[in-house]
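The sequence and model come first.

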Amino acid sequence: MAFASRIMSRSRQLYAGQILLQQGHAGQVRSFAKEAAPATDLKGDQMLKNIFLDVKNKFETAMSVLRTEKITIDPEDPAAVSQYAKVMKTVREKADLFSESQRIQFTIQQKTQDIPDARTYLLTLKEIRIKRGLTDDLGAEAMMMDALEKIEKDLKKPLMRNDKKGMALLVAEFDKINKTLGIRKEELPKYEEQLELSIAKAQLEDLKKNALEAMETQKKREEFKDEPMVDVKSLDIRNFI
């Protein structure tokens, strides 16, 4: 998943600059939170019931898609990976689930909306990255912190997110960093597509591994010892759902 980590870093870098200017915009977070918990003004039992029903409906919706779509377990075939990614996109859209890119964006918004200063914001981004098991392969964090140090040195005070002039200077520095790293805002859809394909390939690799392990275990049983191993690519997942 090293490639996926690099793509996530590019997406996160772009989202970081966009969300940095959105302090206090709680409404944006709430409108984006498709997977957030129901409103807290409900009684405990009713809230739990609603959560259970929501999860149940999402699961049933996902299963209904997987029962109809053909998936070929061949992570080395770009066409199979692309088809699997399309199936999972359909699952997310019909079950109203986040893509990985949307989850990154939502997490940053949710964790940083009430942070008043730019330094704590950047440190929180680092915490989010570490908790998600991502690496900063691009070295963006150090460059962003250096940019903040430069702005705060000129201002002779900590940079607050409600300082429009100071924040505009910092975002301009971030734009320079993105340019240096070869990150372009208009290519964000391409980064997101590459990320989903990378995730799809990794998931197909896991499916293949699990299928082979299951067949190896079955072959050890007396009644199946003379049966030939089935080619994983010939398996139809719809028959096992």
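In this predicted model, helices H4 and H9 are roughly perpendicular to each other, because angles of 65 to 115 degrees count as such. The angle at which H4 (residues 78-95) and H9 (residues 188-219) pack is about 105°, and their axes lie 9 Å apart.

On the H4 side, the contact is made by Ala 80, Val 81, Ser 82, Tyr 84, Ala 85, Met 88 and Arg 92. These meet Glu 196, Leu 197, Ala 200, Lys 201, Gln 203, Leu 204 and Leu 207 in H9.

The second largest pocket holds about 270 Å³ of space. It is lined by 16 residues, and those closest to its centre are Met 88, Arg 92, Phe 98, Glu 196 and Gln 203. At least two lining residues come from each of helix H3 (44-66), H4, helix H5 (100-112) and H9. H4 gives the most, with five residues.

How confident is the predictor in the chain? The mean pLDDT of the protein chain is 82, and 82% of its residues reach 70 or more. Over residues 24-37, pLDDT stays under 50. For residues 24-37 the model has 24 contacts beyond four places in sequence.

Technical notes:
Residues are numbered from 1 along each chain as its sequence is written. This is a predicted model: local features need pLDDT of at least 70, side-chain atom pairs count only at pLDDT 80 or more; totals for chains, interfaces and linings use all residues. Side-chain values use heavy atoms; hydrogens and water are left out. Axes are lines fitted to C-alpha atoms, for helices over the stretch in contact, and angles run from 0 to 180 degrees between N-to-C directions. Helices (H or I, at least four residues) and strands (E, at least two) are DSSP runs, numbered from the N terminus. Angles under 35 degrees count as roughly parallel, over 145 as roughly antiparallel, 65 to 115 as roughly perpendicular and the rest as oblique. Contact means heavy atoms within 4.5 Å. On a 1 Å grid over the protein atoms alone, a cavity is a set of points where a 1.4 Å probe fits but cannot get out, and a pocket is an open set with protein on both sides within 12 Å along at least five of seven lines; lining residues have an atom within 4 Å of a point. Grid points are joined across faces, edges and corners, and a volume is the space filled by probe spheres set on the points. pLDDT is the predictor's confidence in each residue, from 0 to 100.
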